[in-house]
Amino acid sequence: MTIDQAPPRAGRREWAGLLALSLATLMITFDMFVLLLALPEITADLRPSTVQQLWILDIYGFLVGGFLITMGTLGDKIGRRRLLMIGATCFAIASALCAFATSAEMLIIARALLGIAGATLAPSTLALITNMFRDPKQMGMAIGIWAGGFTLGSILGPVVGGLMLAHFWWGSVFLIGIPVMVLLLVLLPVLVPEYKDADAGKLDLVSALLSVVAMIAFIYGLKEVARHGWGEVVPILIGLAGIALAVVFVRRQRHQTNPFMDLSLFSNRSFSTMLGGLVLYALIGASSMFFITQFLQSVSGMSPFTAALCLLPGMAVATIAATVTPIIGQRIKPAYLIAGGLVGVAIAFAWFTQLEVNSSPAVLIIGFAIMGLCEAPLLTLGTNLIVGSAPPEKAGQSSSMTQVANEAGASLGVAVMGSIGAAVYVAQLNDTAPSGVDTGTLEAARENVASALTVAGDLPPAVGQQLTDVAKSSFASGMTVFATICVVILIAAAILIGVLLRQVPPMGHEGHGGEEPPAEGGEAAAGGTEIPQQTGAPASESPDQAGSRPQS
């Protein structure tokens, strides 16, 4: 690409392909929400043990997180569209197995297969988008629409799932994914060209195994600590083993000519800064969902479905903001937009510090909407900076890292922030528990506020009401402390991003994404080793154009 040659602009085919790719991202969050709604009926029908019920919930997330790096790199090597089609096929099959599972064991295995298939969806779709939309402004818009697919799935999940469960058996919620995946398989060969790294070597199975086991062990350890606290030794040891394996993985990559994961990506300031920003925000975002939903259900007394409906306005705002932010990002530097957005989220959490037991649910509904509005610059522009700062042939790797950051941050947030909130809850409960509560009942109440409300119902009315009031007040105090910590983290992240990325220009301007200016002679800083297959590449785009790094 010469210095005065504009990047190729996407046409109708690419935009139609984007809508097809967004179907995959929509199903990722859709599947998570419908399972939570269906869990009571699944429990009544299959009668899983407590341990089996936990695995039904967690195995999907474990394997999605564990296979993200492997699937991102595999897509670079064998072709991102091919991997996405394989993943969509497996996702449809696993969905059918989930729907017609006849035992808890069968459902756990089917959910595991669903997780492995799900790990192909987000990295492949994002990597394909970065290749289809080479114009930086169009890429920003496309990533905004892609990100909106996640929140749209969160909106449709409780609504569609609730309607399905009202008229059909619990397995029907899993069948929804099958026609979506079939439609994706039909549209992909027509609308989406194939891309892969033409110089990719053989797949390093040892590195792939190290990355999978390290991620699963780390995420498992964090989730178990979040569930049982820091007193359980085995989960902590498993989590530490995951960190040790990750160190071995990194050392192995440094000594390979053609590494499984290119660690040089982290030398780019935009890439590393925004990856850290996503981790910090995921740490807050996942744990905030836990606190907000628990407050609505246990303190405000709402049903799970009603509590989910209270979150819909915020999710709708987040979907709209994700598509609008890239337009604003063409005029304002990303550092200012992202930092300003984080300050806006901090204001919402500052409002949450004033929550009391008798606070109106409107406080949480409005605050959650403010979060959805103000988080958009980080999630859309931040993702754009990460994938835009990597060479095209590494798009799968950079795309997978955005999802790894979300998974790791979410697991860490639930473990650490959840533990802090639980510690405050238990401490206040111990100090203020009514005298008429026996040791066994108090021990059950210490588990969480929902357990406290359950055991309070078995006590004499006066004592039970006192325990209920104390438990609700203790949870509100824990949420206040959590919100205060979030304000500090958000302000620190805003300052860090604002300082480190202040030189990055708006989208569409030269230097956005942290690339070096084109070298004299007209060639891009990163050479084009990635080529689209001729059968799928748009007619308006030559192999050289499709394989070279977009100029900003």
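Colleague: How many residues line the second largest pocket, and which lie nearest its centre?

Modeller: There are 19 lining residues, and Ile69, Met215, Ala246, Met401 and Val404 lie nearest the centre. Keep in mind that this is a predicted model, where local features need pLDDT of at least 70 and side-chain atom pairs count only at pLDDT 80 or more, while totals for chains, interfaces and linings use all residues. Residues are numbered from 1 along each chain as its sequence is written, and side-chain values use heavy atoms, leaving out hydrogens and water.

Colleague: What makes something a pocket and not a cavity?

Modeller: On a 1 Å grid over the protein atoms alone, a cavity is a set of points where a 1.4 Å probe fits but cannot get out, whereas a pocket is an open set with protein on both sides within 12 Å along at least five of seven lines. A residue counts as lining if it has an atom within 4 Å of a point. The volume here is about 540 Å³, meaning the space filled by probe spheres set on the points, which are joined across faces, edges and corners.

Colleague: Which helices supply at least two residues each of that lining?

Modeller: Those are H8 (205–228), H9 (233–254), H10 (269–299) and H15 (395–432). The largest share, five residues, comes from H9. A helix here is a DSSP run (H or I, at least four residues), numbered from the N terminus.

Colleague: What is the make-up of the lining by class?

Modeller: It has 17 nonpolar, two polar and no charged residues. Ala, Val, Leu, Ile, Met, Phe, Trp, Tyr, Cys and Pro count as nonpolar, Asp, Glu, Lys and Arg as charged, and the others, Gly among them, as polar.

Colleague: Why is Leu21 called buried?

Modeller: Buried means under 20% relative accessible area, exposed over 50%, and partly exposed in between (1.4 Å probe, protein chains only). Leu21 has 0%, so it is buried.

Colleague: How do you know whether Asn384 is buried or exposed?

Modeller: Its relative accessibility is 3%, so Asn384 counts as buried. You'll find Asn384 in helix H14 (residues 376–388), with 9.4 Å between its C-alpha and that of Met141, 243 residues apart along the chain.

Colleague: And what about Val449, buried or exposed?

Modeller: Val449 comes out at 2%, so it counts as buried. It belongs to helix H17 (residues 449–456), and Lys472, 23 residues apart from Val449 in sequence, is 6.7 Å apart in space, C-alpha to C-alpha.

Colleague: Which class does Ala427 fall into, then?

Modeller: Its value is 39%, so Ala427 is partly exposed. Ala427 is in helix H15.

Colleague: Why is Arg47 worth a look?

Modeller: Arg47 has a positive phi of about 50° although it is not a glycine. Most residues other than glycine have a negative phi. Arg47 is in the loop between H1 and helix H2 (50–78), and at 68% relative accessible area it is therefore exposed.

Colleague: Which residues make the nonpolar surface patch?

Modeller: Ile320, Val324, Ile327, Ile328, Ile332 and Tyr336 make it, with an area of about 540 Å². Helix H11 (residues 304–328) gives the largest share, four residues.

Colleague: What makes Ile332 partly exposed?

Modeller: Ile332 has 35% relative accessible area, so it is partly exposed. Its place is the loop between H11 and helix H12 (334–352).

Technical notes: Patch = residues over 30% accessible without salt bridge, like charges linked within 9 Å, V, L, I, M, F, W, Y side chains within 5 Å. Areas by Shrake-Rupley, 256 points an atom, 1.4 Å probe, with all protein chains shown as cover. Salt bridge = Lys/Arg side-chain N within 4 Å of Asp/Glu carboxyl O.
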